[in-house]
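Biologist: I want to know what stands behind the words we use for this model. Please show it to me, and I will ask about each label.

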Amino acid sequence: MLTPGQIDIVLASFNALVNRPRPLIPLLQALAPDGQAPDEPALTEHLRTADQSDPVINRLRYLLVTWDASDGDWTAGSTQNTKQRRECVYEALNVGQSVRAALNDRLPFAPSQPAILISDEFQRWYGHDVRQKQDFYWRHYKEYLLAVRGLEPDAVHKLDENTNLVLERMANPERTDAYQAKGLVVGYVQSGKTANFTGVIAKAIDAGYRLIIVLSGLTDLLRNQTQRRIDMELVGKEQIRSSDDIDPDFDYATDPHWDRFVSYGGRPVDLGGTRIVRLTGAGSAGEFRSLQHGIVSLEIEKRVPNQPLFDPANLSFAGARVLIIKKHPQIIRKLIRDMARIGRQLFAEVPALVIDDESDQASPNTISPKTTGGKRVTATNDRIRDLLKILPRGQYVGYTATPFANVFISTQDAEDLFPKDFILSLPRPTDYVGVSFFHDLEKIFDDDDQTVENSNERAFVRDVPRPKKPTDDRLAEAVDAFVLSGALKLFRIRNGIPIDATHHTMLVHSSSLQADQSAAAKQLRSIWRQSGYDGGAGISRLRDLFESDFSPVSLARGESLPFPPSFEELYGDLAEAIRRIENDEGPVYIVNGSDEANDPDFDLRPVWKILVGGAKLSRGYTVEGLTISYFRRRSTAQDTLLQMGRWYGFRRGYHDLLRLYLGRSEPLDKKGKKTLDLYQAFEAICRDEDAFRLQLARYALPTDGSKPVTPKEVPPIVFNSHPQLRPAPANKMFNAQLVAANFGGQWIERTGLTKRDAEHNADLFKTLLAARLPVTEKFSARVDGVGETPLFEAFSLVAPHQEIMEVLRGMRWTTSDLLRLELGYLNGEMGDPAVDDWVVIMPQVKNPKRRWEAGKTKFACVERKWIDTPTGGRFLAFSDPKHRLVAECVTGVHKICKLSSSADHLRKPRRGVVLLYPTKKKYLLVDPESTFMGIAVLPPSGTVSTLEKFMVRQTAHPDAVIVNVQSRATKTPRKTAKSTKSR
């Protein structure tokens with residue numbers, strides 16, 4: 001192990017290697033006194049034996065991520081974020097194999113998912129030169145995230161990279177001509193969007209922006225939470241209070257976590273930073289009001305009065321004003337009025353940044369121009385437009401996890417909020433717990449073989465009502481799970497796991513009506529009174545839940561986290577958990593706008609409560625310590641439903657304790673004839689969200705030097721695979737119709753099949769199979785560095801393109817145009833699809849329960865989950881990941897994939913793949929219906945350069961359409977079509 005003095009030497013050498021790696025050992029020798037420099041054996045031993053919190057390990061973790069993603073002549077042309085780049089790092093450090101092996105073991109290379117960026121051209125201005133000149137706030141914010149928030153170095157590095165992508169596409173604050181950029185950042189629910197825009201604000205102030213306005217949702221809860229986060233992590237102690245003597249009236253005087261607020265060790269303006277002037281503060285008293293007495297605080301000072309504010313001499317002197325306000329039209333109007341009183345000319349000179357949090361809520365115009373002739377828009381949208389008018393140098397950046405409404409904004413209205421300059425889709429963070437955590441999106445279970453080891457649904461989801469007891473709403477069980485999970489958190493803390501158990505919460509969300517919420521709270525209090533936790537029945541229930549649920553799940557999914565060997569080990573922790581839950585006005589808080597509401601203040605005191613709520617908990621607001629969620633609230637809008645779920649975010653040290661109690665048959669009408677399975681709804685949303693991001697990736701900035709597709713040229717391709725849902729409320733969806741698309745190399749799998757036409761579809765494939773006798777093959781696929789898929793048996797045959805097209809055109813679906821765009825592409829509407837023939841692959845399962853006969857061959861039927869719908873019905877999915885990889889190998893869509901030798905002869909240029917699945921409904925022991933023909937289609941990548949052809953309604957002329965064609969190679973100019981009735 002290294003001595004403390006040697007550790008200091010190593011850390012000093014790392015400071016000299018921030019910009020690029022250089023030979024390490026000579027640098028250590030140059031920095032150390034004679035004979036005290038650590039050599040390679042000592043460094044190797046330290047790397048292998050030091051604990052995770054060791055400063056050398058932590059610093060190296062950050063540097064390796066930085067070097068893996070940087071550029072320079074030392075990289076020898078290697079690609080960023082690859083193993084080859086890591087090897088270049090080792091070569092530049094000039095370290096031996098022992099150090100390299102230790103680093104690979106201790107800090108193994110793991111490629112991070114890049115952000116997806118769609119961008120218009122911009123004037124480059126932001127880079128290392130600006131940040132070296134002034135990086136005061138960003139530097140301290142980065143250190144705060146590492147030291148206080150405990151973020152991993154690679155997460156902070158990705159934040160640095162992604163915030164750079166936003167900053168460089170904003171206008172240079174010293175730019176002489178005014179330019180107003182508009183962009184959109186797409187994250188995940190509870191995934192760190194606030195950290196991202198706080199980082200953007202820090203860098204913007206460092207770069208010269210002098211007015212920061214954050215539009216923070218619609219509720220006091222969210223505004224106050226955002227205000228405190230920015231005050232705590234960016235503004236800092238020295239700029240919140242006027243002196244070192246704490247004034248009992250200052251807004252955080254009673255905050256129990258004042259010690260966690262960032263401190264700069266002095267006033268930032270005296271330390272090389274810019275002065276921040278807060279124009280809003282904590283709590284309801286800190287909300288923005290007309291600045292009748294303090295209007296001078298909004299007026300930004302100049303050093304050189306006869307020069308504009310954006311002149312460098314004035315920007316370096318002026319302080320930055322920061323406002324966190326609710327997104328209410330009357331509040332925005334007050335701000336605009338105060339700005340106008342000070343002088344429109346002054347604010348025309350101010351480099352400003354407007355952050356719109358939850359930008360899909362309230363901000364988009366929801367009044368169709370078709371009904372008003374484009375003459376009227378919603379109040380909030382109108383006020384934001386007015387705000388940007390008075391700030392011609394104001395940059396607008398929207399943040400959302402549900403961008404569907406934003407991409408439907410008209411591109412033709414220059415004053416509207418469409419992200420014309422960039423769309424940035426952030427990657428799903430490591431260890432993030434979102435919707436996909438609870439679903440088995442990449443697994444197909446042919447039989448009833450789901451276990452807590454292989455199925456997220458089986459491990460973490462509990463059906464409501466209980467399947468075998470349809471009258472059991474399981475609410476009492478969810479309360480037991482809340483108590484038990486709290487005790488298990490305390491047990492882990494006692495055993496050295498650094499879990500943040502300041503807050504431990506359960507969310508009950510079943511209705512938007514306050515009367516229903518009040519009734520739910522009353523029921524929960526009754527359950528608690530009758531729980532029997534003081535002994536007897538209550539302890540017996542907790543023991544059963546411990547042994548039947550938490551113990552098997554945690555042992556399978558807990559990743560070696562400590563778990564009690566017996567229930568008796570938990571007695572003391574249970575008593576403490578119950579005490580904390582009962583403390584402070586009982587176990588239940590109502591979080592709504594009623595008189596009986598008791599909004600939790602996570603900032604002022606620990607919260608161990610069951611929260612019953614509605615709208616206040618459904619947008620942006622972080623429910624701290626959320627562990628058990630009981631969710632029965634129905635909605636038919638994807639974005640609303642996803643936001644209401646308040647998915648967990650980051651739950652380090654207790655992800656295995658999370659439970660989701662979810663309604664499986666929630667009524668959609670008064671008589672209960674129509675119901676919604678929320679689990680299936682969320683699974684469909686998750687698949688649609690992934691498909692949306694995949695489509696965005698198709699338009700990402702090209703690396704081949706061709707011209708990029710701009711945000712205006714990207715169609716609003718929002719998928720909707722659940723028949724009872726729509727992407728967003730109808731009033732947000734009055735633009736755009738896709739008329740053609742390029743499906744080259746794109747997976748096509750539609751699952752909406754009609755019961756009445758199942759036999760018709762089966763007959764189409766019987767004719768095909770009778771004409772061409774299928775042969776038996778054994779398939780597997782290998783990807784370099786990943787491994788080989790399991791071997792599976794399948795029938796296969798090869799058929800000409802037109803023969804397959806006749807079958808696909810003849811198939812009947814829940815709606816007649818379900819494959820309209822795909823068939824149009826394969827028919828050549830976008831150009832040559834580059835398909836000469838198709839290989840049809842019919843995977844077989846072992847010991848099938850049922851078979852389907854075609855000609856002289858009997859094929860195994862697979863079983864898939866079925867959903868009844870008003871138009872027929874649909875399966876959740878047909879294909880399996882190992883089958884899809886084989887299809888990608890055959891078509892050449894996957895470039896570094898090898899097929900098993902027995903099937904390699906099927907690989908051929910200009911060949912597509914059809915995966916065929918004779919399918920029966922899962923769980924039906926007796927199924928008199930005909931077999932359904934499930935298909936998945938993968939065309940080869942092809943040579944068509946056009947991405948999509950679509951129509952967008954013009955705001956000024958609702959009956960006219962704009963026809964746009966996107967191409968990688970060229971930007972096709974927009975052409976105005978003749979006025980026609982929209983279809």
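Modeller: Start with pairing: two strands pair if DSSP finds at least two bridges between them. Strands (E, at least two residues) and helices (H or I, at least four) are DSSP runs, numbered from the N terminus. This is a predicted model, where local features need pLDDT of at least 70, side-chain atom pairs count only at pLDDT 80 or more, and totals for chains, interfaces and linings use all residues. Residues are numbered from 1 along each chain as its sequence is written, and side-chain values use heavy atoms, with hydrogens and water left out.

Biologist: How do you know that S28 and S29 pair?

Modeller: Strand S28 (residues 866–869) and S29 share four bridges, in the antiparallel sense. The definition asks for at least two, so they pair.

Biologist: What makes both faces of S29 covered?

Modeller: Strand S29 spans residues 872–875. Gly872 and Arg874 are buried on one side, and Gly873 and Phe875 are buried on the other. Buried means under 20% relative accessible area, exposed over 50%, and partly exposed in between (1.4 Å probe, protein chains only).

Biologist: Why is Asp231 called buried?

Modeller: Asp231 has 0% relative accessibility, which is under 20%, so it counts as buried. Its place is in helix H11 (residues 220–235).

Biologist: Why are Glu358 and Arg910 put in separate accessibility classes?

Modeller: Glu358 is at 2%, so it is buried. Arg910 is at 32%, so it is partly exposed. Glu358 sits in the loop between strand S6 (352–357) and helix H16 (369–372). Arg910 sits in the loop between S30 and strand S31 (911–921).

Biologist: What is the phi of each residue?

Modeller: Glu358 has a positive phi of about 50 degrees. Arg910 has a positive phi near 60 degrees. Neither is a glycine. Most residues other than glycine have a negative phi, and most peptide bonds are trans.

Biologist: How do you know that the bond from Val464 to Pro465 is cis?

Modeller: Its omega is near 0 degrees. Pro465 lies in the loop between strand S10 (461–464) and helix H20 (475–494).

Biologist: What makes the span of H17 close to the expected one?

Modeller: The expected span is 1.5 Å times one less than the number of residues. Helix H17 (residues 379–390) has 12 residues, so 16 Å is expected. From first C-alpha to last, H17 reaches 17 Å, close to that. Its buried residues include Ile384, Leu387 and Leu388. Among the elements covering the buried residues of H17 are helix H14 (329–342) and S6.

Biologist: How confident is the predictor over the chain?

Modeller: The mean pLDDT (confidence in each residue, from 0 to 100) is 83, and 85% of residues reach 70 or more. Over residues 950–983 the pLDDT is below 50. Where pLDDT is low, the predicted coordinates should not be read in detail.

Conventions. Contact means heavy atoms within 4.5 Å.
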